[in-house]
Amino acid sequence: MPTPAAVPRPLATTTRLSDDAAGMLLGLIGVAMFSLTLPFTRMAVADLDPAFVALGRAVAAACCAALWLGWKRAPWPPRSALLPLACVAGGCIIGFPWLSSIAMRTVPASHGAVLVGMLPLATAVWAALRGGERPSAGFWCMAMLGTALVAGFALHGSGGSLRPADLALLGAVLLGSIGYAEGGKLAQRLGGPQTICWALLLAAPLLTPAVAWLVWHDAARIATAGARAWTGFAYVSLISMFIAFFFWYRGMALGGVARVGQVQLVQPFLTMLGAALFLGEALEWQTLLFALAVIVVVGAGRKMQVKRR
């Protein structure tokens, strides 16, 4: 007969393994959803104005966020959360969608996947600077190497000079990293779903008049947009801007931020696969090689030591 004290241990171990597995699975689902953002954005901006796609998707997601917060009867965020929420709104809800939508008018989604592949490392850099930490020399070396790789890829694809689309994507990575870092830190207090929902609502009063003006100004073009463009708009509004965050944050809560965060390293390859399936873009070996190099550098950088001050 086992002693009573020995009974809970196998159960606790089994539960922990189950949480880890569930966290990794949910994190992978969230990353898979995020990875299709660029292909579906490219579909949307083929017929719709990039500004309407970027700002309109945020307003649509804000309506969903209001319904979710009302259903959950979520309390108002504290005043101390307003600045981080503003960073999330400026980076993840306005900056990244707007700049990436502009870029998707002129460059393939697979090209954007390589540049956006730097987002995890850029997020780590901003978190280190903002969080009062001292990254090791190895960390900064990986950050500089990753930046050099991305810049080299952009120059290689444009014949030696950066295109406006490349600059837009790099700006999107910079703003997105700020939003991700501030949102990840705030989510420890508010929870992931409430963080993205309150950020959407914070941005809504600013974006709604702008979207209304865009609808009035570009009514003819919006009315004649095809089903393919509206499919892309629906995806980036409901999935990329809203539902994907629920899977992503829930996965990190179950499996841990460090472990589940590594799943994001496969995102560029999933984006390329999505671009090939939905847009018919060819998978060129140079692009795959640069993407692999960026992923290796990002993965190494995330493992480098970061000391607290």
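1. Of the 309 residues in the protein chain, buried residues make up 49%. The model is a predicted one, and the points below should be read with that in view. The chain contains 14 helices and 2 strands.

2. Contacts across the sequence deserve attention at the outset. Among contacts in the protein chain with a separation of 6 or more, 89% are accounted for by residues 24 or more positions apart.

3. The largest nonpolar core comprises 89 residues. Within this core, Leu 48, Ile 93, Met 104, Leu 200 and Leu 207 touch the most other members. In soluble globular proteins, nonpolar side chains tend to be buried together. Leu 48 may be taken as an example: apart from neighbours within four places in sequence, Leu 48 is in contact with Val 53, Arg 105, Arg 221, Ile 222, Ala 225, Ala 229, Trp 230 and Phe 233.

4. Val 263 lies in the loop between α12 (257-261) and α13 (267-279). Is this residue, Val 263, buried or exposed? Its relative accessibility is 9%, and Val 263 therefore counts as buried, the cut-off being under 20%. Once neighbours within four places in sequence are set aside, Val 263 is in contact with Met 24, Gly 27, Leu 28 and Val 31. For one of these, Leu 28, the C-alpha atom is separated from that of Val 263 by 6.1 Å, although the two residues are 235 residues apart along the chain.

5. Ser 110 belongs to helix α5 (residues 109-116). Ser 110 counts as buried because its relative accessibility is 9%, which falls under the 20% limit. Not counting residues up to four places away in sequence, Ser 110 touches Met 272, Ala 275, Glu 281 and Thr 287.

6. How many cavities of 30 Å³ or more does a search of the whole structure find? The search finds 2. The largest cavity has a volume of about 320 Å³. It is lined by 24 residues, of which Phe 34, Phe 96, Leu 119, Tyr 180 and Gln 267 are the closest to its centre. By class, the lining of the largest cavity holds 15 nonpolar residues, 8 polar residues and 1 charged residue.

7. The second largest cavity has a volume of about 30 Å³. Its lining consists of Val 88, Cys 92, Gly 179, Gly 183, Thr 195, Ile 196, Phe 245 and Tyr 249. At least two lining residues come from each of α4 (82-103), α8, α9 (192-217) and α11 (227-255). The lining of the second largest cavity divides into 5 nonpolar and 3 polar residues, with no charged residues.

8. The second largest pocket has a volume of about 310 Å³. Among its 14 lining residues, Met 118, Ala 122, Thr 147, Val 173 and Leu 174 are the closest to its centre. Two or more lining residues are given by each of α6 (119-130), α7 (137-157) and α8 (164-190). Which element gives the most to the lining of the second largest pocket? That element is α6, with 5 residues. The lining of this pocket is made up of 12 nonpolar and 2 polar residues, and no charged residue takes part.

Terms used
Residues numbered from 1 in each chain as written. Predicted model: local features only at pLDDT ≥ 70, side-chain atom pairs only at ≥ 80, totals over all residues. Heavy atoms only, no water. 1 Å grid on protein atoms, 1.4 Å probe; cavity = no way out; pocket = protein on both sides within 12 Å on 5 of 7 lines; lining within 4 Å. Points joined across faces, edges and corners; volume = space filled by probe spheres on them. Helix = DSSP H or I, 4+ residues; strand = E, 2+ residues; numbered from the N terminus. Nonpolar A, V, L, I, M, F, W, Y, C, P; charged D, E, K, R; others polar. Buried < 20%, exposed > 50% of the residue type's maximum accessible area, 1.4 Å probe, protein only. Contact = heavy atoms within 4.5 Å. Core = buried A, V, L, I, M, F, W, Y, C linked by side-chain atoms within 4.5 Å.
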